[in-house]
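Subject: Structure handover

Hi,

Here is the structure for your files. Please open it alongside this note. My findings follow below it.

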Amino acid sequence: MSAPVPSINSLDKIYDPSAVPKQDKRYKNLLAQFEKVHGRKPEFVVRSPGRVNLIGEHIDYCGFGVLPMAIERDVIIVGSTTDEDTKIRIANINSKKYPAREFDYEGKEKVVSIDSTKLEWSNYFKCGYKGMLEKFQLDTPKGLYLMVDGTVPAGGGLSSSAAFVCASALAVVTANNLSISKTELTEIAIVAERNVGVNSGGMDQSASVLSEKDFALHVEFVPKLRTQAVPLPVTSPKLAFVIANTLVVADKFVTAPRNYNLRVVETHMAALFLAKKLNLPAVDTLKEVYDLYYKDSSLSEVERFTDLLKKAEEFYPKDNSNNNGYTLDEVSQMLDIPVKELQDKYMTRFPVETDYFRLVHRTKHVLSEASRVIEFHKACENSQGDSTIKTLGDLMNASQESCDKLFMCSCPEINDVCEIARKNGSFGSRLSGAGWGGSTVHLTTEDNVAKLIDAIKNEFYRKKYPNITEEELDDAIIATKPCSGAAIYTGF
Ligand code: NG1
């Protein structure tokens, strides 16, 4: 049984000292607004943060671990309870964008209806509410008065939804005087978030709940969800991260057949091909190939990746398309699986549109990226202080290069921001999340944060988006430190 979700009584145990005065004001304001809107005294406060992925892109669905960290941007929920009814009244500090809602508990079986066809902010609360009440099977849950303040920009690849679902689930637990471990909260939030119709993998909720202040988090998925806190190097000046959203929106659903879903298919095909060449049983993921082939090996983890990469280069036949990849017919011959079977297995449930399957490129990215995650973790554990920043930065830059050239999930805007950042004191710059737009993350030191942010504002945002407002800029580019995970805040 993992540790319980912590109760924290002072903001400096959550945020960096430099952020505490601003956060203190924010909490006080939320508590005051709660009283104003609901006309009652607040009884509890909970929080759960967003996350940024530091390294390990597009390898979670291949079974390999990833390395995100929680950020300071988070969702706070203030609440009070009533025994007079089982109604939920939920308001948001940003009432224009997120108008107040009311709904009622619908009994043990159903708990609450969620219409996932509508983009409705309170659905995320309902996910956490439903997940918790299904777990605890209460006959008469408390009625709730709630007020939410979220600072994780929505749609920026920083997991605002996971932050909200985790905070919601924790609010329901706290309100009903239940107790829960961090692992249980994570597992419930992962399943609960699927109620809004997204097949979420688990990295986001793990980072939101299980992160520790000043640590990144190594999340592994196989054989089961497992996390390890990774100490970030202690340096002088302290290291810091800047996250910049390119504001390029790659609509996941529209582009999936050519982008995300195609990559999933290509990596499955690569796993089948390597398994065949290595005389292993047919498997689904490259992680299974790696685990099975090196099960009794004396090589280190990183040496195994190097070895497998070398073998892959030898195994893959030359393609007939000038290094563009293989046609479906060619893949069919390589795997010894009829085209129809490949189509049924990989291209029907989630449609895929392509002429070529770039198995060599994708294999190289996945294996080298998975190796970089291990190397990043090791460098942090054996940190030499200041010089380790460069090691970490090099790994992040190599990850970006691989995402761009081999996995082809970058875009000109991401490349621009990364280049500007590197010229202005970033040790490592890369996309974070699925790519094709979305957010970038940059490793720097505290003394350089302002310069880096100014450079990206002037050389990227103000040029590409001349009409951008200061408020939009403040949401688009943020500085952050590795922050602690979900907690009940008792210091009010
Ligand atoms: P983002 O773009 O942060 O939602 C997506 C996937 C992750 C992972 C990354 C690529 C979802 C909900 N998330 O992340 O699981 O595959 O792309 O590393 O699909």
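Contact here means heavy atoms within 4.5 Å. This is a predicted model, where local features need pLDDT of at least 70, side-chain atom pairs count only at pLDDT 80 or more, and totals for chains, interfaces and linings use all residues. Residues are numbered from 1 along each chain as its sequence is written, and side-chain values use heavy atoms, with hydrogens and water left out.

Domains first. The protein chain splits into domain 1 (7-231 + 482-489) and domain 2 (253-362); such bounds come from an automatic or database domain assignment. Their centres, taken over C-alpha atoms, are 37 Å apart. Seven residues of domain 1 contact 10 residues of domain 2.

Next, helix H7. Helices (H or I, at least four residues) and strands (E, at least two) are DSSP runs, numbered from the N terminus. His 268 lies in H7. His 268 is buried, at 17% relative accessible area. Buried means under 20%, exposed over 50%, and partly exposed in between (1.4 Å probe, protein chains only). Leaving aside neighbours within four places in sequence, His 268 contacts Asp 284 and Tyr 346. Its C-alpha atom is 5.7 Å from that of Thr 285, 17 residues apart along the chain.

H7 (residues 260-277) also meets H12 (residues 359-381): their axes come within 9 Å and cross at roughly 90°. H7 is therefore roughly perpendicular to H12. Axes are lines fitted to C-alpha atoms, for helices over the stretch in contact, with angles from 0 to 180 degrees between N-to-C directions. Under 35 degrees counts as roughly parallel, over 145 as roughly antiparallel, 65 to 115 as roughly perpendicular, and the rest as oblique. On the H7 side, the residues include Arg 263, Glu 266 and Met 269; the H12 side includes Leu 359 and Arg 362.

Two more residues. Tyr 129 is in helix H2 (residues 122-136) and is buried at 1%.

Thr 445 sits in strand E11 (residues 439-445). At 10% relative accessibility, Thr 445 counts as buried. A polar contact of 2.6 Å links its side chain to that of Asp 447. That term means N or O atoms within 3.5 Å; within protein, one must be able to donate a hydrogen and the other to accept it, and residues adjacent in sequence count only if both atoms are side-chain atoms.

Best wishes
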